[in-house]
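This report describes the overall dimensions, the sheet and selected residues of one protein model. The sequence and structure are shown first, and the description follows.

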Amino acid sequence: MSAPDTTGKPDHWNADRYEANVRFVSDLGMPVVELLAPKPGERILDLGCGDGPLTRVLAEAGAEVVGVDASPDMIAAAKAMGLDAHVVDGHDLAAWAAEQAPFDAVFSNAALHWMTRPADVFAGVAKALKPGGRFVAEQGGHGNVAAVAVALQAAMEKRGASYDLRSIWSFPTPEEQRARLVDAGFDVRSMELIPRPTPVPAGLAGWLDTFAPPILAALPEGERAAARADAVRLCAPSLQDLAGNWSVDYVRLRFSAVLGAPA
Ligand code: BEZ
């Protein structure tokens, strides 16, 4: 669930901050676990496992689960839970999978949107799976966190900076994702775009502290807190209710695909 480091910048993930601000991300992951329907004895790869809460759910279902994530801090937290977890950037999965395959299934929750070269990632997933293996995932889809993204852009531009959303996050349409999966050799069984406004108990400031560092990093350190405050203020009329509760405009893309037998 954490970002691969495609930028050469230091790991911005912090397992304690994740727990305090955005634990709802894994708490809301059960529908994709149910879509996977893990079976006892299956070998499953959890791609972007973060600190491992859903890796553990899969293991408790009797599967033999391996988690990978680009963040050393998150992998350390997953290992502390007794999970088999490894630091691997999803873009480099093919090289890792060459040694570790085959898996019966690849599972991913709230991680693929951090991987901005999906063709490389899907080639790695295909390499990891046995023919007929399942790839079941949920990620941000087209329109995800749009209000927050626009507010962040306004806050950056006010300070003479900007960011390219597509270089930070990948929020594909169902059509785009289906085409990529087919190109990588998958037979797509389901593909659903699901608007899901999501309460964020730690508020938008906590959400931004956890997820916006790669964007705010383009500003001098002394300007980041003010930019974050601007984004919060701009979003308040649309994302905060009259009692002060925040929800973020999440849109999920949930899919299930099966790897075809090689020609
Ligand atoms: C998501 O889970 O959709 C998400 C998380 C952090 C930043 C952007 C999107």
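A contact means heavy atoms within 4.5 Å. In the protein, residues 24 or more positions apart account for 76% of the contacts with a separation of 6 or more. The model is a predicted one, in which local features need pLDDT of at least 70 and side-chain atom pairs count only at pLDDT 80 or more, while totals for chains, interfaces and linings use all residues. Residues are numbered from 1 along each chain as its sequence is written, and side-chain values use heavy atoms, with hydrogens and water left out.

**Confidence and overall dimensions**

The pLDDT, the predictor's confidence in each residue from 0 to 100, averages 93 over the protein, and 92% of the residues score at least 70. Over residues 3-10 the pLDDT stays under 50, and the model has 14 contacts beyond four places in sequence for this stretch.

The radius of gyration is taken over C-alpha atoms, and the globule rule is 2.2 Å times the number of residues to the power 0.38. For 263 residues a compact globule would have a value near 18 Å, and the protein agrees with this because its own value is 18 Å. Along the principal axes, the C-alpha atoms fill a box of roughly 55 × 40 × 35 Å.

Burial is expressed by relative accessible area: buried means under 20%, exposed over 50%, and partly exposed in between, with a 1.4 Å probe and protein chains only. By this criterion, 54% of the 263 residues count as buried. Accessible areas come from the Shrake-Rupley method with a 1.4 Å probe, and for residues only the protein chains shown count as cover. The accessible surface of the protein comes to about 11,200 Å², of which 54% belongs to carbon and sulfur atoms.

**The sheet**

Helices (H or I, at least four residues) and strands (E, at least two) are DSSP runs, numbered from the N terminus. The protein has 13 helices and 7 strands. Two strands pair if DSSP finds at least two bridges between them. The 7 strands of an open sheet follow the order S3-S2-S1-S4-S5-S7-S6, with mixed pairing. Its edge strands, S3 (85-87) and S6 (186-199), each pair on one side only. Axes are lines fitted to C-alpha atoms, for helices over the stretch in contact, and angles run from 0 to 180 degrees between N-to-C directions. Neighbouring strands of the sheet are turned by 15° against each other on average, direction ignored.

| Strands | Sense | Bridges |
|---|---|---|
| S1 and S2 | parallel | 5 bridges |
| S2 and S3 | parallel | 3 bridges |
| S5 and S7 | antiparallel | 7 bridges |
| S6 and S7 | antiparallel | 13 bridges |

Leucine 45 has valine 66 in S2 as its bridge partner, and glycine 67 stands opposite alanine 85 in S3. Phenylalanine 135 stands opposite alanine 257 in S7, whereas the bridge partner of arginine 196 in S7 is tyrosine 250.

**Burial of elements and helix packing**

In S1, 5 of the 5 residues are buried. Arg43, Leu45 and Leu47 point one way from this strand, and Ile44 and Asp46 point the other way. In a regular strand the side chains alternate between the two faces of the sheet. Strand S7 has 11 of its 13 residues buried and is therefore largely enclosed by the rest of the structure.

Helix H4 (residues 53-60) lies across S1 (43-47), S2 and S4 (103-109), running at about 170° to S2. Helix H7 (residues 118-128) packs on the sheet and touches S1, S4, S5 (129-140), S6 and S7 (247-259); its direction makes about 140° with that of S5. Helix H11 (residues 203-211) has 7 of its 9 residues buried, so it is largely enclosed by the rest of the structure. Among these buried residues are Leu204, Trp207 and Phe211.

**Two partly exposed residues**

Glycine 62 is found in the loop between H4 and S2. Its relative accessibility is 36%, so glycine 62 counts as partly exposed. Not counting residues up to four places away in sequence, glycine 62 touches Lys39, Pro40 and Gly41.

Alanine 179 is found in helix H10 (residues 174-183). With a relative accessible area of 40%, alanine 179 is partly exposed. Alanine 179 and leucine 36 are 143 residues apart in sequence and 21 Å apart in space, C-alpha to C-alpha.
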